[in-house]
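Open the model in your viewer and keep the selection panel at hand. The stops below go one by one.

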Amino acid sequence: MELRERKSLSGSITVYLALSFVLIAALILTIVESARSVSERLYVQVALDASMENLFSQYHRPLWENYRLLGLQYRTDSDLKKELCEFIKPYQNAHNLFPMQVTKDQVSFSEHVHLTDRDAFEESVLEYMKYGMIDSLLSFGGRDYDESSLLEEATHITERASESKEIREIQKQYQLDASDLEDVEDAIAKIHSLAENAASIHQDGASALSDYDAYSFYGASDHFQSELTKLKAQVPIYTKAAEKLAAKVQTLRTDFSARSATLSPEACAAIESEITEYERYIDADGPIRKEIEAMPAKADTLIQQAEDMEQAVSDFEDWLEEAIEEAEDDEDEDDYDFDDEIEDFYDDALSDWNHMSLIHYSGTVSTINKQNKRLLDQIAGMTNRDILSLVLPDRAELPSRDAIHNRKPGFSADSTAHPAEIVLLGEYAFKYFNYYHLKELREQSKPPSGSTALEMEYLLNGKESDYDNLSAFVLELVAFREASNLIYLYMDAQKRTEAMTFVSSFLVTAANPLLLSVLTFFVLSIWALGQAIIDVRHLLANERVPLMHDNTTWSMKVSELLVLGRGHMPDDNAHEQRGLSYRDYLRGFLILLGLKDQATVNRRMLSTIERNLKSIGEEPETGFSLEKCIYSLRGSVPVSADHVMYHLGILHMVASNVPESQYTIALSSDYSYRNKVQ
């Protein structure tokens, strides 16, 4: 009995221990499986992240080598999935501890960001510029700056550039056509001539009265009245010409008032004095216009007086004829002499005739040298014609007219850059895009891509050909320089005196003071434009031109305007080489455009990059597309995995509900070429 009990107890302990062992083993295996599952999740995440990095390591090499941009080129999502799975494969080989299966069909991409999307391009450029040029200083005007200081310095150009456009628009209205002034002056000259003719004919009438010659007097009187009638008809012509000029000046005044808020005090003062002179010249209440427009009433009075005088002479002659006939018929009367009556009448008539208040123009009659005026107008019209061939240095080649930018950028690239970053974007453009150089400097100035197209000029203007882009930028430069030059001329008393002397010597003779002043302002504006053309010619010759001239840098003589008007460049007078270069002006204009619309600049840069990458290299990628270059990617992968510890069947011995041996790990990975470690 005792032995049996002892055996029973021993068996119970064995079963208890066995059950305990199973439970403990199951617990241990569950803990181990749980730890393994967590480790597997981390392992698979590492595998996915590493595979994404490997995928993005296949960046487009020419894109990096030529433009320092990182972009993963692909064709379809299927290609990306296949390559990603290939990179994950080595991690699947660890099947003993971390068994998993990944197929291409399981991979999905929830977000692609291409280089052309949003601000990806801008972000990529700024990453390179900030970290690749962190110790570099930027050159401007012969000095070095960091991006913040350069922005402040370049602001002077951007302010002047904005102002120059406003002044240029005002000047287009101010630089009135030759006929505007000539019509007024011609009308005045005609009125003066008719008044002088009438006075001369009046003198003929006086001579006829002195000679008691009634018939000659009738002819002179009729001619006198005819000239006065012509004078009356000429006054409305003058008024119409003056009103036409006044309307243009009023438009100029209105436009100036609307633009004055955007102009500097110096520019406002200059334009104000210019407009004021024109307003004085054609003022309806001014002495010239008042005097001329009072002439028709005076002419009517004189015509009436002449008619009355004619009637009086006619009446006297009729009386005299009758009196002579009566005297001849009267046989009782001796021959009667009417000399006293004739003398008395004609003396009185002459006195009355000479007391007529004739019309005289008291102002100075000006004679404009129309040939020279038209030469100056030729200069004013140069900005409306092909100016590029005029400003290019001697023997410089004209850029190609081939339409190389005939595909408008269809990219959606945007911009979130602040002003200092816009400066960096501009410096990136200068480093990797070509711009105009003299032929002898082209090879050493080529960007990494080797492009010789005028790409910086395209970024600014977006025209189809190099010729059109350079022409457009040259025109902007001329307008910019013209505005700066005009302000300088207005502020320099010596230059104004030179302009007035030129007007007196070459443009107008015997000018009234108001016209002399108006034409002086006109010459100043043409002189500013002429110097601007020379300035741009110097810039294109790799020389420097200051933002604002002084006596040491101003090179054009006012007398050389007539040479320029004939289509010839004046002699290249020596000037001091200081100030800003063509590159500096490009930079200023690029910053100005970037502050207004950096997104457009970005799209043009992308378009240029794509065009170049289709043509560079021994075997150009003619099918290359930036829209197929990924900048960042978000991928999701549901990984199929196995519970390693569950297949032993131990849990099945102690548990009724055991998980399936396979399960899914849902993972995702983001990758971007941006350096996110700050």
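Is Cys-85 buried or exposed? Select Cys-85: at 11% relative accessibility, this residue counts as buried. Here buried means under 20% relative accessible area, exposed over 50%, and partly exposed in between (1.4 Å probe, protein chains only). Cys-85 sits in helix 3, residues 77–92. Helices (H or I, at least four residues) and strands (E, at least two) are DSSP runs, numbered from the N terminus.

A word on ground rules. This is a predicted model, in which local features need pLDDT of at least 70 and side-chain atom pairs count only at pLDDT 80 or more, while totals for chains, interfaces and linings use all residues. Residues are numbered from 1 along each chain as its sequence is written, and side-chain values use heavy atoms, with hydrogens and water left out.

Colour by confidence next. pLDDT is the predictor's confidence in each residue, from 0 to 100. The protein averages 81, and 84% of the residues score at least 70. Confidence is lowest in helix 21 (residues 650–654), with a mean of 53. It is highest in helix 15 (residues 455–461), at 94.

Select Lys-89 and Glu-86: their side chains meet at 3.4 Å, N to O. A salt bridge is a side-chain nitrogen of Lys or Arg within 4 Å of a carboxyl oxygen of Asp or Glu. Both residues lie in helix 3, three residues apart, about one turn of the helix. Lys-89 is partly exposed at 44%, and Glu-86 is partly exposed at 43%.

How many salt bridges does a search of the whole structure find? The search finds 14. Some reach across the chain. Select Lys-232 and Asp-300, whose side chains form a salt bridge at 2.5 Å, N to O. This pair links distant parts of the chain: Lys-232 is in helix 7 (residues 214–259) and Asp-300 in helix 10 (residues 295–329), 68 residues apart. Lys-232 is partly exposed at 28%; Asp-300 is partly exposed at 38%.

Go to the strands. Asp-670 and Arg-634 form a salt bridge, with the closest N and O atoms 2.8 Å apart. Asp-670 belongs to strand 9 (residues 662–672) and Arg-634 to strand 8 (residues 629–642), 36 residues apart. Then select Glu-427, Arg-544, Asp-584 and Arg-587, which salt bridges with shared partners join into one network.

Check two backbone spots. Most residues other than glycine have a negative phi. Arg-68 has a positive phi, near 55°. Arg-68 lies in the loop between helix 2 (61–67) and strand 1 (72–73), and is partly exposed at 27%. Asn-542 also has a positive phi, about 65°. Find Asn-542 in the loop between helix 18 (513–540) and helix 19 (561–565); at 54% this residue counts as exposed.

Last stop: the surface. Select Asp-337, Asp-339, Asp-340, Glu-343, Asp-344, Asp-347, Asp-348 and Asp-352, which form a negative patch. Patches are made of residues with over 30% relative accessible area and no salt bridge, like charges being joined within 9 Å and nonpolar side chains (Val, Leu, Ile, Met, Phe, Trp, Tyr) within 5 Å. Glu-343 is in helix 11, residues 339–354, and is partly exposed at 36%.

Methods: Areas by Shrake-Rupley, 256 points an atom, 1.4 Å probe, with all protein chains shown as cover. Lys, Arg positive; Asp, Glu negative; His and termini not counted. Charge placed at Lys NZ, Arg CZ, Asp CG, Glu CD.
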